[in-house]
Amino acid sequence: MAGFAFPLAAHADDATDRAVQKDRKKLQGTWQVTSLVIAGNKAKNEDVKKLTVVNGDDGTWSVRSEDKETSKGTSTISPRATPKTIDFTATEGGGSGDQFVGIYQLGKKNRKLCFVRNDKDRPTDFTSTPENQHILVTFKRIE
């Protein structure tokens, strides 16, 4: 019986790796923030449109405000989870060392991200209220 389990586990790992690579490829590029809600408070449109996020295909990311990098870090994703999950850490700039857990939804030209500091429970839906303290961000692809 153990001889059958190993190939099944290896196959599952390959499928997970392929799913991660597929979503990383979709995430790669520059994304314009189109909406930002922090703990139920919607950011002003004039502030939101200054923000972009650049994602690398290796899980790296950087946040830019008016083309100046304000923060960057690394992430890991689990695209086979329902909903898809993401964990990320700020490694430089604002919030350096902070860790977050979240969920994401990914389309060809847009995406949605809902997250919270890792000392709180991971979001299970795309909402941001004063009670849950989630940060909800929507993006559109620009490159």
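Phe 115 touches Phe 88, Phe 100, Val 101, Gly 102, Pro 123, His 134, Ile 135 and Val 137, leaving aside residues up to four places away in sequence; contact here means heavy atoms within 4.5 Å. The model is predicted: local features need pLDDT of at least 70, side-chain atom pairs count only at pLDDT 80 or more, and totals for chains, interfaces and linings use all residues. Residues are numbered from 1 along each chain as its sequence is written, and side-chain values use heavy atoms, with hydrogens and water left out.

**Confidence**
- The protein chain has a mean pLDDT (the predictor's confidence in each residue, from 0 to 100) of 90, and 91% of its residues reach 70 or more.
- Residues 1-11 have pLDDT below 50, and beyond near neighbours in sequence this stretch has one contact in the model.
- Where pLDDT is low, the predicted coordinates should not be read in detail.

**Nonpolar core**
- The largest nonpolar core has 19 residues, and those with the most contacts inside it are Phe 115, Val 137 and Phe 139.
- Such a core is a set of buried Ala, Val, Leu, Ile, Met, Phe, Trp, Tyr and Cys residues joined through side-chain atoms within 4.5 Å; buried means under 20% relative accessible area, exposed over 50%, and partly exposed in between (1.4 Å probe, protein chains only).
- At least two residues of this core come from each of strand 1 (29-38), strand 6 (84-93), strand 7 (99-106), strand 8 (110-117) and strand 9 (135-141); strands (E, at least two residues) are DSSP runs, numbered from the N terminus.

**Aromatic pairs**
- The whole structure contains four aromatic pairs, defined for rings of Phe, Tyr and Trp (its six-membered ring) with centres within 6.5 Å; planes under 30 degrees apart count as stacked, over 60 as edge-to-face and the rest as tilted.
- The rings of Phe 88 and Phe 100 are stacked, because their centres are 5.2 Å apart and their planes at 25°.
- Phe 88 lies in strand 6 and Phe 100 in strand 7, so this pair ties together parts twelve residues apart in sequence.
- Phe 100 and Phe 115 pair edge-to-face, at 5.5 Å centre to centre and 85° between the planes.
- Trp 61, Phe 88, Phe 100 and Phe 115 form one aromatic cluster.

**Asn 55 and Arg 111**
- Asn 55, in strand 3 (residues 51-55), is buried, with a relative accessible area of 10%.
- The side chains of Asn 55 and Arg 111 make a polar contact (2.9 Å), a term for N or O atoms within 3.5 Å where, within protein, one must be able to donate a hydrogen and the other to accept it, and residues adjacent in sequence count only if both atoms are side-chain atoms.
- Arg 111 lies over the face of Phe 139, at 4.0 Å from the ring centre; this requires NZ of Lys or CZ of Arg within 6 Å of the ring centre and within 35 degrees of the ring normal.

Methods. Helix = DSSP H or I, 4+ residues; strand = E, 2+ residues; numbered from the N terminus.
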